[in-house]
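Welcome, and please open your viewer.

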Amino acid sequence: MKVRLNKTTWRAASGIVASFILVVSFQNCGKAGFDSELDSTLSAGTSDAALSAKYGTTTASKVSSIPFAYDAGFDTITYNSCAETHLRNNKAFTSLQAGAFTTGGIKIKDEFFDYADQNFKPVYPATSLSLNQYKEFLQDSPANAGAVPTVGIRVKNSLTDVYTTNSQVTLWSDIIPMVGTLTDALVMDSFLTANQNNEVQKGVTANYFPFSPEQRVMDSGISFNASEELAEEFRNIFMSAGILALTYMPTNAEEVYKVRSPSSAYPVKTAYGKGYSLTFTPLPGTNASTNPNRTLAQVIETDLASPGVGAKNWNCNRKYAVIRSQDAASLCPALTYAQMKDANVRTELSIMRRHLRADQWDVNPLRGCVVPKNGISCYKEENLAAKGFAEVEYDLSKECFRPNGSYGGATPTSKCLHFVTVCTRD
């Protein structure tokens, strides 16, 4: 069964009523989901009767038992701490972005190939299963048919509960579909391929899907930047019960909060996919008592189907200060042509550009800073210069104004610096 994910088709089914709101919620930040036994984790694929009619009873039983086949993962996570009301719907300031550009992507697990090779026969006179056979088994398999990779902020120990900003689970806002239906023939062409000798290439990881009816890359963004208080609340959620979860949506579009899982137990503590635990701290080397936790310090990736099992190493050393355009000439000038010729600069810039588009941001890797374009500021502009104060305190040794802050003396006026952190996976 094919599920189309274009926004026009899905908008009518994108919201569901939440059964409860997080007790400690702040500014409408909460988690929504259902606290009842789920009617199994999924009900997809070809029916038993149809499978028997197509394959015969014995082979149909084997098709029904095909294991979950997909292994997807991100290689870049970008956090932008900018948060003001005027940034709420501005995609240049998306709070959290995750994508696959190099080492990440989607592939078919070896377990699927091993199972298929052991349980199914090739079409005579071939001596091995064909590419079309593998694709057909995936499309007919209840565990795999119609699977859609999605990303959302979920409760670690109850993965069908989703943190939201308005106590509703909304598709394209709280649950972000990526790529499209993985058993779509045009999508499978990217990770199920054959060489010129018609030999199936196993272990191929794809991060570009040129023929997908939905999206050509595995990339997503979630925003919680309507205010600095809301952004802080979400950082605290990640530091406690929340996790960035890459999971797979069942076929039923009206139940967007659900996940495909190896277990039908509730609460849902395991799922097919990856979990990314995030830790936020002040910029390293600065005074934690005067600077907010606005940089992403650590990403820990785990397999959600096997909690506690680690996977891959992440590097979060790229922490770029967000400079006002009015201050850019002295603090973050645009790169010169000579500087751009440096291979190291270009490499660094290419990584930053994964989520900071050139038409939206100036990036200076040599200064470790970024400047928003198009006249949009990361900060709430209050014309403090007329009162003798800088709009932003760029000296990180000095106190700065932050919501809910406590100070040693008079309340400072200049705002605390914001940062863009880019974490990459080996």
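Start by selecting Asp48, Leu51, Ser52 and Tyr55 in H2, together with Thr57, Thr59, Ala60, Val63 and Ser64 in H3: these two groups meet each other. Sorted by class, this contact of H2 with H3 has four nonpolar, four polar and one charged residues. Keep in mind that you are looking at a predicted model.

Now widen the selection to the whole helices, residues 48-55 for H2 and residues 57-64 for H3. They pack at an angle of about 130°, and their axes are 7 Å apart. That angle makes H2 oblique to H3.

Next, select Glu84, Lys380, Glu382, Phe401 and Lys415. Of the 15 residues lining the second largest pocket, these are the closest to its centre. The pocket holds about 270 Å³ of space, and its lining divides into six nonpolar, three polar and six charged residues.

Then move on to the cavities; there are three of 30 Å³ or more. What lines the largest cavity? Select Ile153, Tyr163, Thr164, Thr165, Ser173, Asp174, Ile222, Ser223, Phe224 and Phe234 to see its lining. By class, that is five nonpolar, four polar and one charged residues, around about 60 Å³ of space.

For the last stop, select Leu283, Thr286, Asn291, Pro292, Leu396, Leu417 and Phe419, which line the second largest cavity. About 40 Å³ of space lies there, and the lining has five nonpolar, two polar and no charged residues.

Notes:
Residues are numbered from 1 along each chain as its sequence is written. This is a predicted model: local features need pLDDT of at least 70, side-chain atom pairs count only at pLDDT 80 or more; totals for chains, interfaces and linings use all residues. Side-chain values use heavy atoms; hydrogens and water are left out. Axes are lines fitted to C-alpha atoms, for helices over the stretch in contact, and angles run from 0 to 180 degrees between N-to-C directions. Helices (H or I, at least four residues) and strands (E, at least two) are DSSP runs, numbered from the N terminus. Angles under 35 degrees count as roughly parallel, over 145 as roughly antiparallel, 65 to 115 as roughly perpendicular and the rest as oblique. Contact means heavy atoms within 4.5 Å. Ala, Val, Leu, Ile, Met, Phe, Trp, Tyr, Cys and Pro count as nonpolar, Asp, Glu, Lys and Arg as charged, and the others, Gly among them, as polar. On a 1 Å grid over the protein atoms alone, a cavity is a set of points where a 1.4 Å probe fits but cannot get out, and a pocket is an open set with protein on both sides within 12 Å along at least five of seven lines; lining residues have an atom within 4 Å of a point. Grid points are joined across faces, edges and corners, and a volume is the space filled by probe spheres set on the points.
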